[in-house]
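Please read it alongside the sequence and the structure shown here.

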Amino acid sequence: METMATFVFDYLDASIENEANGGRMRWYPWHSAEYRFNHIMNVVELATEIAEREGADVDVVTVAALFHDIAKLEVEQDRHAEEGATIARKYLETHGDYPPSFVDRVCESIERHSHQGDLTDLSPETRCLVEADMLDKIGPNGSTLMILRMGYEARTHMDAGEMVERVLERGRNARDRIESDTAKSILHQRLKRVKWFREWLDDEIAEMDLTGDED
């Protein structure tokens with residue numbers, strides 16, 4: 001796993017370095033090797049936890065999670081899952097003696113991790129990956145990223161509540177799709193934290209609006 005993880009980070013980093021003009025949107029927080037790799041490792045941890053508790057094949061889920069966004073920085077969004085599966089297949093077929101059935105299952109999960117339909121249509125392993133991918137965007141981590149986005153969009157702190165509300169909306173959408181009890185439990189805890197944060201922001205931002213005092 002350590003060797004695979006190094007390969008994934010180096011691939012992401014090279015994707016940025018190979019872009020014209022120093023990298024498209026390079027200063028945008030979502031578009032960096034560091035952010036993308038952090039997201040990947042978060043998804044690995046979440047997907048592995050879900051797989052362990054739900055009885056899915058942990059090895060397939062873990063490897064698929066590690067490779068799921070490897071192509072995110074070099075191809076368009078609608079192609080990154082398919083391209084990621086291609087990269088993972090080449091890596092697994094040339095680094096070790098993995099059974100063809102294992103490689104096929106890993107690549108299937110990667111290729112289908114952007115599935116927008118009913119999760120019951122997916123294999124248990126793919127479902128774990130999709131759920132983990134959704135969960136990483138919800139909670140304090142997702143809220144922090146949305147607040148960082150305010151700078152990218154030239155917003156002020158007065159819009160923080162709106163940005164955090166987007167995370168809550170994302171969580172509500174995820175709640176309608178998530179299937180496993182483990183993912184539902186994680187989502188419930190993360191949504192609670194975001195709701196608390198949103199309430200605190202409402203209180204303090206409303207007071208700042210009223211007084212004009214930002215201290």
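Helices H1 and H4 are oblique to each other, a label for angles that are not under 35 degrees (roughly parallel), over 145 (roughly antiparallel) or 65 to 115 (roughly perpendicular). This is a predicted model, in which local features need pLDDT of at least 70 and side-chain atom pairs count only at pLDDT 80 or more, while totals for chains, interfaces and linings use all residues. Residues are numbered from 1 along each chain as its sequence is written, and side-chain values use heavy atoms, with hydrogens and water left out.

**Overall make-up**

- The protein has 9 helices and 0 strands, where helices (H or I, at least four residues) and strands (E, at least two) are DSSP runs numbered from the N terminus.
- From the N terminus on, the order of elements is α-α-α-α-α-α-α-α-α.
- Of the 215 residues in the protein, 46% are buried, meaning under 20% relative accessible area, with exposed set at over 50% and partly exposed in between (1.4 Å probe, protein chains only).
- The protein exposes about 11,400 Å², and carbon and sulfur atoms supply 47% of that area; accessible areas come from the Shrake-Rupley method with a 1.4 Å probe, and for residues only the protein chains shown count as cover.
- Among contacts between residues at least 6 apart in sequence, 66% join residues at least 24 apart, contact being heavy atoms within 4.5 Å.

**H1 against H4**

- The axes of H1 (residues 2-17) and H4 (residues 80-94) come within 12 Å and cross at roughly 140°; axes are lines fitted to C-alpha atoms, for helices over the stretch in contact, and angles run from 0 to 180 degrees between N-to-C directions.
- H1 contributes Thr3, Met4, Phe7 and Tyr11 to the contact, and H4 contributes Ile87, Tyr91 and Leu92.
- By class, the contact of H1 with H4 has 6 nonpolar, 1 polar and no charged residues; Ala, Val, Leu, Ile, Met, Phe, Trp, Tyr, Cys and Pro count as nonpolar, Asp, Glu, Lys and Arg as charged, and the others, Gly among them, as polar.

**H2 against H6**

- The axes of H2 and H6 come within 8 Å and cross at roughly 130°, which makes H2 oblique to H6.
- The crossing of H2 and H6 is right-handed.
- On the H2 side the residues are His39, Val43, Leu46, Ala47, Ile50 and Ala51, and they meet Cys128, Leu129, Glu131, Ala132, Asp133 and Leu135 of H6.
- By class, the contact of H2 with H6 has 9 nonpolar, 1 polar and 2 charged residues.

**Helix H3**

- In H3 (residues 58-67), 8 of the 10 residues are buried, so this helix is largely enclosed by the rest of the structure.
- The buried residues of H3 are Val60, Val61, Thr62, Val63, Ala64, Ala65, Leu66 and Phe67.
- These buried residues pack against H1, H2 (33-54), H4, H5 (100-111) and H6 (124-135).

- Histidine 80 is in H4 and is buried, with a relative accessible area of 1%.
- Apart from neighbours within four places in sequence, histidine 80 is in contact with His68, Asp69, Ala71, Lys72, Val75, His113 and Ser114.
- The C-alpha atoms of histidine 80 and serine 114 are separated by 9.0 Å, although the two residues are 34 residues apart along the chain.
- Threonine 182 lies in H9 (residues 181-211) and is buried, with a relative accessible area of 6%.
- Apart from neighbours within four places in sequence, threonine 182 is in contact with Glu49, Ile50, Arg53 and Glu54.

Definitions and conventions:
A crossing is left-handed if the near helix is turned anticlockwise from the far one by less than a right angle, and right-handed if clockwise.
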